[in-house]
Amino acid sequence: MNIIILLVVCAGLVALRFVPKINILGWLAGWWIAVFVFLRWGIDPPLPTSIQGMFVAILTLALLAYLSANSAHFRFVLDRFVAFTTQKKYTIPLLAVIAVLPCLVALRVYFDVTEGPAPPLSSRTIHPPPPTSIEVAGNTIDLVNDDNPYRALETEDPAAFEEHVENGRRVYYENCVYCHGDDMAGDGLFAHGFDPIPANFQDATTIAMLQEGYIFWRIAKGGPGLPSESTPWLSAMPAWEDFLSEEDMWDVTLFLYDFTGHRPRAREDHGGGGDH
Amino acid sequence: MKLLARRLPSGVLLFLMLAGLALVAFWTPDAWAQEAPGQVEYRSFPVVGSRVVVWVIAQLHLMFGAFVLAVPMFALTIEFIGFRNGDKRYDDLAYEFTRLLSVSFSFTASLGALLTFFLFILYPRLMEYLVSIFDWTFMLYACVFFLEAVFLYSYYYGWGKMPKWLHLVIGLCLNLVGIAIIFIADSWLTFMNSPNGIDAEGNLLSTWDAINNFTWMPINIHRLIANICFGGSIAAAYGAYKFLGAKTDEERAHYDWMGYMGNFIAIAALLPLPFAGYWLGREIYAFSQSLGIALMGGTFSWLFIIQAVLIGNLFLAANYYLWLSMERIHGAERYRKFTKWLLASITVCFIVWATPHSLVATVEEARAMGGSHHPILNVLGVMSAKNTAVNVLILTTYLSFLFYRRANKEATVSWAKTGNIVQFGILAVVVGVVIFLGVYGYFVEASVRIGLSIPQVSLVLFAMISITIIDVFMFRKAKILGPIEWGKIPNRAQYALFFIAITFAWTMGLMGYVRSGIRQHWHVYGVMRDTSVDAFTPTLGYAANVVSVTVLIFFAFIAVVFFLSSLAGKKKLDAGEGTSS
Amino acid sequence: MMNAIKICVFTVLVAAFYSYVSQMVPQTVTYPPEDTELGADMTTEDLVAAGEEIASGKGTCLTCHTVSGETGGRFPDLANIGLVAAERKEGFSDVEYLAESLYDPNEYIVEGFLPGMTPISDPPIDLNDQEILAVIAYLQSLGGAATVTLDTELRWQSEENSASASTAAQASASAAPSSENLSGEELFTMYACGVCHSLTDPTPLLGPSLYNVGNELSTAEIYEAIMDPDAVVSEEFVAGLMTAQLSAVGFYDKISSGQLKTLVDYLASQKGGS
């Protein structure tokens with residue numbers, strides 16, 4: 001939800017109240033534009049075009065119903081329309097409209113035709129299911145119960161914690177930055193070569209909703225060998241266990257959270273939930 | 001009786017003869033032994049294929065059947081009201097509704113005969129099996145159908161020619177027989193969806209259990225209510241059609257009123273329909289989770305988005321008609337300022353209801369959303385949100401009715417102010433709790449969430465009933481601000497009535513498809529597989545086109561019915577008044 | 001007359017509008033499920049693949065269940081079912097638990113869920129015992145390793161089915177008498193495992209010694225080490241060698257699920273070090 005757009009839209013509607021001699025057409029146009037702007041730009045992440053189209057269609061229908069549910073309004077608009085199409089003083093604007101309408105249609109066709117080819121959409125699970133434990137350099141790491149071994153330092157020994165974060169920073173900028181980007185938005189130099197694109201850690205739906213063990217697993221094991229069920233998964237993420245020490249990987253995990261300001265997802269009690 | 005036999009349209013006789021013939025043929029297979037019975041499983045139909053031809057005919061039969069069964073219900077009710085309060089207008093209206101019946105009944109019978117014919121020819125294996133399960137009910141059906149014809153024609157032709165009480169009794173019998181017909185027919189088709197009373201190999205154990213299967217009663221109730229909606233909306237469309245062609249103000253006033261009454265019946269029946277549908281859905285889940293998921297979660301989940309568009313349109317059009325209707329009432333201006341709020345509520349509910357759970361998105365959009373689920377829309381796509389939206393939609397429509405009811409009245413009772421506050425309080429609390437329960441549904445497990453819809457529904461019903469009761473007492477001896485000027489309504493309101501009728505017909509077609517379609521590749525779910533070339537489930541677009549064509553054929557037929565009915569009316573006018581008492 | 005024409009046009013327009021709306025939603029055709037071919041000489045990998053196909057197709061499992069690791073669905077998520085199956089029900093092995101959940105789903109309901117699944121051995125899903133075994137193999141592979149074969153006998157199987165299964169097995173056994181009833185030792189020799197791995201001595205040859213493998217690795221790990229040798233390779237050995245060798249001799253094409261189980265069991269019994 002983009003608060004600024006929402007405020008601007010509301011302010012616009014309030015401002016409409018103070019427009020002198022505003023008629024029903026002005027109101028309808030105002031509402032239509034306001035809702036359209038909100039649906040188009042006010043929601044983050046943006047709505048798919050198909051949904052926007054549907055919502056705008058319903059809105060249009062509702063506004064037309066409002067207009068014609070009141071005979072006074074309806075007659076007013078009809079009169080205006082008739083006046084616009086017949087009266088001499090509107091000849092030039094009328095011609096302009098007649099000229100512009102086909103142009104808009106042509107423009108639409110132009111955009112449709114020139115649109116580049118797009119791959120067909122396949123639904124894909126963003127977070128593949130983790131195993132309960134993994135082997136890294138001979139150690140078994142229990143992804144269900146083990147936490148980041150250095151996370152405890154945050155409260156116990158802030159200085160040492162800071163060292164680990166600093167090491168994580170070094171690791172990130174030596175290895176990860178090329179794909180995940182300077183500010184971790186998944187837009188590094190190489191990012192555009194990949195599908196799926198590198199994860200955006202700033203986004204609230206990536207590391208913020210995962211536990212550190214999960215991040216560690218993704219770093220250590222990377223794309224190869226991910227389970228095939230549910231989805232095609234073609235991640236280009238390397239298996240960093242071959243290049244980094246276990247400590248480095250835990251440190252960079254700390255750094256990801258430190259830099260983005262997210263907190264790892266709290267550990268839930270797994271007592272008999274049975275969903276895993 | 002002689003008169004009756006002469007007038008009994010050939011369609012009925014044809015149907016009975018064909019049905020009897022077909023039954024006899026399957027009971028004594030020796031007669032057809034040369035054709036090697038049981039060898040032919042399917043026969044093909046040229047060009048459109050067996051499935052489509054049976055589909056279209058069955059749907060047309062169902063639409064006419066719905067109309068023929070529903071009209072007597074409210075015709076009788078209206079006649080009874082007229083009988084009690086002595087207002088001749090009501091009697092005339094009931095008679096006018098009934099006049100649509102006689103031609104429609106012949107159409108229904110002919111289509112039924114055609115359907116039976118095609119089913120036995122094109123799907124012999126399935127029909128043989130169904131006959132083995134339901135043997136005697138087919139015979140019963142034929143008898144009941146005959147009774148229906150007798151009652152219907154004596155109700156129609158006996159209007160004003162017999163004591164009123166006798167006429168009302170015949171009307172009652174007509175309705176009871178009509179309900180029996182739909183119940184028997186429902187048992188066959190619900191058996192195909194949720195077979196019961198058979199062993200693992202599909203052999204019959206108990207015909208009664210086969211009839212009384214999981215979805216039988218829910219479908220019966222759902223169809224009864226939906227039939228009233230449908231019948232009302234078609235009757236309203238008839239009123240609209242006559243209104244548009246009316247020459248005098250008197251005629252206009254009459255048909256405006258008729259359209260209003262038809263629409264009132266349709267919308268009043270529409271309000272409880274989602275609840276009946278919900279019960280049906282639950283029973284389908286209770287019978288088989290796979291069938292339920294196929295209905296709501298799998299291929300057909302998008303069908304319910306289309307349904308949401310249809311129902312949203314229905315509610316919008318119904319409210320729209322009421323708002324326009326208020327223009328003919330003096331004093332209604334006082335309520336005009338609420339229109340925009342009602343509209344806003346309808347629009348928001350419409351949007352929530354029509355929001356799909358999984359979205360169609362391009363790769364870029366999916367990337368931006370981080371998956372195929374949008375973080376915000378995801379919230380609107382689930383059952384909790386949709387249930388809440390429907391309940392609020394129903395309450396909003398109810399409010400429009402309430403305003404219409406009060407339009408030219410001013411309460412004179414001393415407690416009018418308190419009454420208003422109480423009514424508003426009930427409404428506010430109910431809306432608040434319904435929305436709260438909807439939101440609360442997100443935080444509990446699925447098992448609890450499903451149960452939440454029951455308090456929601458009960459609250460909405462409670463609100464509607466209690467507010468109505470207060471309203472009735474509050475507006476007794478109310479000051480009337482001005483008359484209702486029947487006939488003073490813009491033409492576009494009549495088009496709204498057509499729109500409602502078409503949308504109802506289309507919704508019926510779509511729901512008929514999904515009821516049949518969820519069986520997927522089964523004739524009788526889990527018992528008899530469909531091994532024909534048409535065993536696949538077509539795309540929704542294809543199904544929608546078939547539904548559209550069916551609806552257009554139906555309205556072409558209905559146009560004929562309207563035309564013939566108006567001819568009958570002309571003769572009566574020429575012959576002079578005084579036939580009805 | 002004008003009115004009649006207007007009404008006709010209006011009706012056609014409204015119907016066309018709804019048809020148009022219906023073209024906007026995803027258009028899919030659902031075909032009746034096709035029977036997946038199951039043969040006695042399938043490898044475990046084939047069996048898992050067949051099971052996966054059945055699970056998403058004819059078995060309609062994935063209509064209700066997810067395999068994503070996300071919680072909160074209407075039905076239990078299956079992402080780690082191969083791992084948790086053995087712990088679900090007291091006294092039930094993972095295979096038994098899975099079999100019961102498929103043949104008799106309402107016997108045991110995972111906490112927090114409602115009963116509602118239909119026995120998949122009955123119509124409408126109506127899988128036969130062989131297909132159910134394939135599904136079990138697939139489920140085991142989710143978070144674990146498949147151990148069932150088409151010859152596994154379960155007490156839920158119907159009499160005639162198990163009879164026909166055993167005849168099928170016999171038929172295939174008579175067709176290929178040389179390979180199906182071999183012992184683990186014979187298989188070890190037949191596939192020339194001893195060229196690189198020693199069974200009698202802790203000294204590594206080209207590959208690590210299997211002298212004490214039964215203690216060092218779990219059954220699942222042995223399975224993995226055979227089917228995906230590069231998943232875990234000790235530092236002192238060359239990665240990729242075993243895969244190349246086995247592929248070259250056609251091991252993965254030849255070995256059936258039954259043989260693989262025999263072989264893995266045989267290796268698991270090698271506890272020379274203890």
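A polar contact is a pair of N or O atoms within 3.5 Å; within protein, one of the two must be able to donate a hydrogen and the other to accept it. With that in hand, here's a quick tour of this predicted model. Between chain B and chain C, eight residue pairs are in polar contact, counting pairs with both residues at pLDDT 80 or more. A search of the whole structure turns up 22 salt bridges over all chains, yet the interface of chain B and chain C has zero of them.

**Where chain B meets chain C**

- On the chain B side, 42 residues are in contact with 35 residues of chain C.
- The size of an interface is often given as the accessible area lost when the parts come together.
- Here, the area buried between chain B and chain C is about 3,500 Å², and carbon and sulfur atoms give 69% of that.
- Several helices of chain B give two or more residues to the side touching chain C, among them α8 (216-245), α12 (301-325) and α21 (540-575).
- The top contributor is α21(B), which gives eight residues to that side.
- Sorted by class, the side of chain B that touches chain C has 25 nonpolar, 15 polar and two charged residues.

**Around E212 in chain A**

- You'll find E212(A) in helix α8 of chain A, which covers residues 212-221.
- E212(A) counts as buried because its relative accessibility is 2%, and buried means under 20%.
- Leaving out residues up to four places away in sequence, E212(A) touches N148(A), R151(A), W250(A), T253(A), L254(A), Y257(A) and P264(A).
- With one of those neighbours, R151(A), E212(A) makes a side-chain polar contact of 2.8 Å.

**Salt bridges**

- Side chains of opposite charge can pair when their charged atoms come close.
- In chain A, R169(A) and E166(A) pair up in a salt bridge, at 3.3 Å from N to O.
- R169(A) and E166(A) are three residues apart in helix α7 (residues 158-180) of chain A, so about one helical turn separates them.
- R169(A) is partly exposed, at 30% relative accessibility, and E166(A) is partly exposed too, at 38%.
- Over in chain B, E41(B) and R125(B) form a salt bridge whose closest N and O atoms are 3.6 Å apart.
- That pair links distant parts of the chain, 84 residues apart: E41(B) sits in the loop between α2 (10-27) and α3 (49-85), while R125(B) belongs to helix α5 (residues 124-157).
- E41(B) counts as partly exposed, with a relative accessibility of 31%.
- Another chain B salt bridge joins the side chains of E96(B) and R99(B), at 3.8 Å from N to O.
- Both E96(B) and R99(B) lie in helix α4 (residues 88-122) of chain B, about one turn of the helix apart, and both are buried.
- Back in chain A, salt bridges with shared partners tie R151(A), E154(A), E212(A) and R263(A) into one network.

**Helix α6 of chain C**

- Helix α6 of chain C runs over residues 129-141, 13 residues in total, and its first and last C-alpha atoms are 18 Å apart, close to the 18 Å expected at 1.5 Å a residue.
- α6(C) is mostly covered, with 11 of its 13 residues buried; the buried ones include D129(C), E131(C), I136(C), Y138(C) and Q140(C).
- After α6(C) comes G143(C), which has a positive phi near 90 degrees.

Notes
Residues numbered from 1 in each chain as written. Chains lettered and ligands numbered in written order. Predicted model: local features only at pLDDT ≥ 70, side-chain atom pairs only at ≥ 80, totals over all residues. Heavy atoms only, no water. Helix = DSSP H or I, 4+ residues; strand = E, 2+ residues; numbered from the N terminus. Buried < 20%, exposed > 50% of the residue type's maximum accessible area, 1.4 Å probe, protein only. Contact = heavy atoms within 4.5 Å. Salt bridge = Lys/Arg side-chain N within 4 Å of Asp/Glu carboxyl O. Expected span 1.5 Å × (residues − 1). Buried area = accessible area lost by both parts, 1.4 Å probe. Nonpolar A, V, L, I, M, F, W, Y, C, P; charged D, E, K, R; others polar.
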